[in-house]
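Here is a walk through one protein chain, from its overall layout to single residues. Keep the sequence and the 3D view side by side as you read.

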Amino acid sequence: KSRNLYLTAAGRQSPAWPEARGTTAVTLLGCLISAHGTVSLSRKKRRRLLADLEDRAFGTARALKTRDPAAAGRTICSVINRALEPRLEFSQQRSATLLRRAVTDRDDLKQLDYCIALIVLRAITGQRGARAFRVIPYQKMREEWQLMSLLQARNKWPAGRGGTDPRGAT
């Protein structure tokens, strides 16, 4: 398979190469590489990851059968955090591992944080959409229930192969 793509920030076609289709990003090996140099999960991988996390959250909520939202929230957040840990396990989605190894697009990570928080809220309250944050605030999920923020974690992840922190710490 081959495609002729002309990668630009505007996604315009090349006047010098009319056969090539203009694009703002290229999908490669489950990642979306943008013209700005950032890497994010492809749509397919993103959907799979969120569907897997949703299954885990709802399965945990069904198994708990508790009416206490705080206890359910802590447990569900723990299950979500475990699924997003950077080790390869049989039960883990490969896209969760890609988050640690390849994704550099912080806007994409911020959007994933929001989607994951909504999944947790829907598993606990049954409410869809941003209104669920009125029942359980976002800050409570992060601070009290310890729900991992992919964006904050990305800022602490090692840079490059050397395993060193950009601030100089190892």
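A residue counts as buried when its relative accessible area is under 20%, and as exposed when that area is over 50%. Take Leu 112 as a test case. Its relative accessibility is 0%, so Leu 112 is buried. The same cut-off will return several times below. One caution before going further: this is a predicted model.

Start with the layout. The chain has 7 helices and 5 strands. Reading from the N terminus, the order is β-β-β-β-β-α-α-α-α-α-α-α. The chain holds 170 residues, and 39% of them count as buried. Take the contacts with a separation of 6 or more. Residues 24 or more positions apart make up 50% of them.

Which residues have the most contacts inside the largest nonpolar core? They are Ile 80, Leu 84, Leu 99 and Met 141, in a core of 36 residues. Several elements each supply at least two residues of this core: β5 (39–41), α1 (43–64), α2 (69–83), α3 (94–101), α4 (106–125) and α5 (132–135). Of the elements, α4 gives the most, with 11 residues.

Return to Leu 112 with that in mind. Leu 112 sits in helix α4. Set aside residues up to four places away in sequence, and Leu 112 touches Leu 41, Arg 46, Leu 50, Leu 99 and Leu 150. One of these, Leu 99, is also among the residues with the most contacts inside the core. Leu 112 and Ser 149 are 37 residues apart along the chain, yet their C-alpha atoms are separated by 9.0 Å.

Now turn to the strands and Ser 40. Ser 40 is part of strand β5. Is this serine buried or exposed? With a relative accessible area of 8%, Ser 40 falls under the 20% cut-off, so it is buried. What does Ser 40 contact, leaving aside neighbours within four places in sequence? Its partners are Gly 30, Cys 31, Leu 32, Val 103, Asp 105 and Asp 108.

Cys 31 has a relative accessibility of 7%, so it counts as buried. Cys 77 is buried too, because its relative accessible area is 0%. How many disulfides does a search of the whole structure find? The search finds 0. A disulfide is a covalent bond between the sulfur atoms of two cysteines.

Most residues other than glycine have a negative phi. Leu 29 has a positive value, with phi near 55°. Leu 29 lies in the loop between β3 and β4 (31–34). At 78% relative accessibility, this leucine is over the 50% cut-off, so Leu 29 is exposed. Lys 65 also has a positive phi, near 50°. Its place is the loop between α1 and α2. Lys 65 counts as exposed because its relative accessible area is 74%.

The largest pocket holds about 220 Å³ of space. Its lining comprises 14 residues, and the closest to the centre are Ala 25, Thr 27, Leu 32, Ser 42 and Arg 43. Which elements give two or more residues to this lining? They are β2 (21–23), β3 (25–28) and α1. By type, the lining of the largest pocket has 5 nonpolar, 3 polar and 6 charged residues.

The second largest pocket has a volume of about 190 Å³. Arg 100, Arg 142, Glu 143, Leu 147, Met 148, Ser 149, Gln 152, Ala 153 and Lys 156 line this pocket. Two or more lining residues come from each of α6 (138–143) and α7 (150–156). Helix α7 gives the most to this lining, with 3 residues. The lining of the second largest pocket divides into 3 nonpolar, 2 polar and 4 charged residues.

Terms used:
Residues numbered from 1 in each chain as written. Predicted model: local features only at pLDDT ≥ 70, side-chain atom pairs only at ≥ 80, totals over all residues. Heavy atoms only, no water. Disulfide = S-S within 2.5 Å. Buried < 20%, exposed > 50% of the residue type's maximum accessible area, 1.4 Å probe, protein only. Core = buried A, V, L, I, M, F, W, Y, C linked by side-chain atoms within 4.5 Å. Helix = DSSP H or I, 4+ residues; strand = E, 2+ residues; numbered from the N terminus. 1 Å grid on protein atoms, 1.4 Å probe; cavity = no way out; pocket = protein on both sides within 12 Å on 5 of 7 lines; lining within 4 Å. Points joined across faces, edges and corners; volume = space filled by probe spheres on them. Nonpolar A, V, L, I, M, F, W, Y, C, P; charged D, E, K, R; others polar. Contact = heavy atoms within 4.5 Å.
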